[in-house]
Amino acid sequence: MKLLLPLLCIAWSATTVAAASDRANVLILIADDQMLAALGCAGNPAIDTPHLDRLAGDGVLFTRCFSPNPICTPSRACILTGQDSWINGCVFFGEPIRESSPLWPRRLAQAGYDTFFTGKWHNDGQPSTRG
């Protein structure tokens, strides 16, 4: 989680419409309860993570990041909106994201990107309604 929140900045900036061949691919992986030291590319010699290491080597690895809310649902809401919990309205399990909050996956879709979600959701609505 600590590695992924700054990817919002990259994803948000990628919303400029460009030719499909000129666009960057945006891939965000979220792993629950994973700390930076649990990756080989972060210098841990005891853990073998070759595929994640390759992704980090070909892309961006953030090493000084944090989650503004350590609870599952609000943390995902912060990632989806780029806003702290008290702004996006989701401060605990089961609380919805405010309709006025921007969603970077929706912005990417509006810019012509194909977006996809798989795995845990734990936020209100369906992934298809959130971008």
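Helices (H or I, at least four residues) and strands (E, at least two) are taken as DSSP runs and numbered from the N terminus. The model is predicted, so that local features require pLDDT of at least 70 and side-chain atom pairs count only at pLDDT 80 or more, whereas totals for chains, interfaces and linings use all residues. Residues are numbered from 1 along each chain as its sequence is written, and side-chain values use heavy atoms, with hydrogens and water left out.

A search of the whole structure identified one salt bridge, defined as a side-chain nitrogen of Lys or Arg within 4 Å of a carboxyl oxygen of Asp or Glu. This salt bridge pairs Asp58 with Arg54, with 3.7 Å between the closest N and O atoms. Because the two residues are four apart in helix H2 (residues 50-58), about one helical turn separates Asp58 from Arg54. Both Asp58 and Arg54 are exposed; accessibility classes are buried (under 20% relative accessible area), exposed (over 50%) and partly exposed (in between), with a 1.4 Å probe and protein chains only.

Ile71 is located in the loop between H2 and helix H3 (72-81). Its relative accessibility is 23%, and Ile71 therefore counts as partly exposed. Neighbours within four places in sequence aside, Ile71 is in contact (heavy atoms within 4.5 Å) with Val91, Phe92 and Phe93. The C-alpha atoms of Ile71 and Phe92 lie 7.0 Å apart, although the two residues are 21 residues apart along the chain.

H3 is largely enclosed by the rest of the structure, because 10 of its 10 residues are buried. Among them are Cys72, Arg76 and Cys78. Just after H3, Gly82 adopts a positive phi of about 75 degrees.
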